[in-house]
Amino acid sequence: MVGNTSRAAIISDRRITGLSANVIAELVTELGPLWHERHQAKLASRPRKRAVGAGAKHRLVFVDRLLVTLVHLRHGVTHDVLACWFKVDRSTITRAIGEVRPLLAERGCTVSSGVRLRTLAEVIDHLGADGKTGIIDGTEIRVRRPAAGRTDRDRFTSGKSKQNAVKTMVVTDGDGRVLFCSPTRPGSCADITHARLLGLVKLLADGPAVEILADAGYQGLGAQTGGRVITPPHRKFKKNAPDRYVEMHERQRKAHSSRRIRVEHGIAHLKNWRALTRHLGRREHISDTVQAVAAVLSHQQTADLAPARTM
């Protein structure tokens with residue numbers, strides 16, 4: 001394990017973990033007891049020849065397990081390198097990341113102290129209660145090509161990037177703060193289909209009056225949600241139309257794009273975490289990885305905004 005000096009250096013430098021020391025301390029306080037509880041339950045769940053607690057003790061304490069996971073998500077550092085850095089076996093690093101990553105994913109996105117958004121329904125209710133505008137967009141994450149012979153091999157081929165990828169839908173508020181990242185779908189799934197599968201149409205039709213901005217990939221949802229999903233205006237005139245029609249159309253599209261650009265900024269912040277630029281692990285872990293990054297990023301964004309709100 002790393003010494004206290006090295007641990008303090010990792011925590012104090014935000015470039016290493018992507019989070020401030022205060023946010024890391026809050027994560028340790030919240031997730032430490034939960035990890036210990038689950039670990040003890042796992043030990044007690046199987047037949048044993050010795051009592052729980054006997055034998056060798058952990059060399060990698062929980063705070064180090066959390067730091068290992070954050071560094072891996074932030075920079076895509078391999079398990080071998082982390083094992084050398086923290087002076088433990090590679091399998092210990094793999095197990096630690098596999099235990100901590102779901103804990104981070106389950107936290108949900110932090111919008112204020114003690115308030116978490118874990119589902120799309122909670123996001124819609126939050127936006128409706130505060131009268132805020134939401135912005136949605138899909139983003140792709142490259143994955144390894146499925147093995148030859150799999151019946152669903154072609155489902156991961158993205159029609160947009162022509163690469164093997166999975167897709168997630170990101171929801172931000174008008175300031176670009178991440179509120180939700182959906183479970184992933186194969187790259188061949190269209191943005192509008194993904195939104196429908198998540199139940200967005202029903203949530204908007206039956207829920208509070210919320211304005212949702214989207215790009216042209218979601219055209220058609222506006223009619224299904226009573227105009228609550230706003231997409232770029234259609235070109236309703238022919239090629240040889242008067243110049244004033246073209247200028248008006250371009251102004252409308254630019255005005256919509258200038259409002260919707262915040263979600264692109266939010267996705268860019270997510271993609272700063274190398275684990276979301278290209279996922280080299282198992283595809284069944286990618287949803288946890290996306291939601292874990294969204295959880296810690298939203299927590300840090302909320303912490304950065306807290307001083308400005310108290311002024």
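Close-up 1. At 10% relative accessibility, phenylalanine 62 counts as buried (under 20% relative accessible area, with exposed meaning over 50% and partly exposed in between, for a 1.4 Å probe and protein chains only). Tryptophan 35 is likewise buried, its relative accessible area being 10%. The model shown is predicted, so that local features need pLDDT of at least 70 and side-chain atom pairs count only at pLDDT 80 or more, while totals for chains, interfaces and linings use all residues. Residues are numbered from 1 along each chain as its sequence is written, and side-chain values use heavy atoms, with hydrogens and water left out. Tryptophan 35 and phenylalanine 62 form a tilted aromatic pair, with 5.7 Å centre to centre and 35 degrees between the planes (rings of Phe, Tyr and Trp, the last by its six-membered ring, pair if their centres lie within 6.5 Å; planes under 30 degrees apart count as stacked, over 60 as edge-to-face and the rest as tilted). Because tryptophan 35 lies in helix α3 (residues 21-44) and phenylalanine 62 in helix α4 (residues 62-75), the pair ties together parts that are 27 residues apart in sequence (helices, H or I of at least four residues, and strands, E of at least two, are DSSP runs numbered from the N terminus).

**Close-up 2. The aromatic pair of tryptophan 85 and phenylalanine 86.** A search of the whole structure finds two aromatic pairs, one of them formed by tryptophan 85 and phenylalanine 86, which is tilted at 5.6 Å centre to centre and 55 degrees between the planes. Tryptophan 85 is partly exposed, with a relative accessible area of 34%, whereas phenylalanine 86 is buried, at 0%.

**Close-up 3. Arginine side chains over aromatic rings.** Arginine 74 lies over the face of tryptophan 273, at 5.2 Å from the ring centre (a charge sits over a ring if NZ of Lys or CZ of Arg is within 6 Å of the ring centre and within 35 degrees of the ring normal). Over the ring of phenylalanine 156 sits the charged end of arginine 283, 5.1 Å from the ring centre.

**Close-up 4. The largest cavity and its lining.** The largest cavity has a volume of about 40 Å³ (a cavity is a set of points on a 1 Å grid over the protein atoms alone where a 1.4 Å probe fits but cannot get out, and lining residues have an atom within 4 Å of a point; points are joined across faces, edges and corners, and the volume is the space filled by probe spheres set on them). β3 (133-143), β4 (165-173) and α11 (243-271) each give two or more residues to the lining, and α11 gives the most, with three.

Conventions. On a 1 Å grid over the protein atoms alone, a cavity is a set of points where a 1.4 Å probe fits but cannot get out, and a pocket is an open set with protein on both sides within 12 Å along at least five of seven lines; lining residues have an atom within 4 Å of a point.
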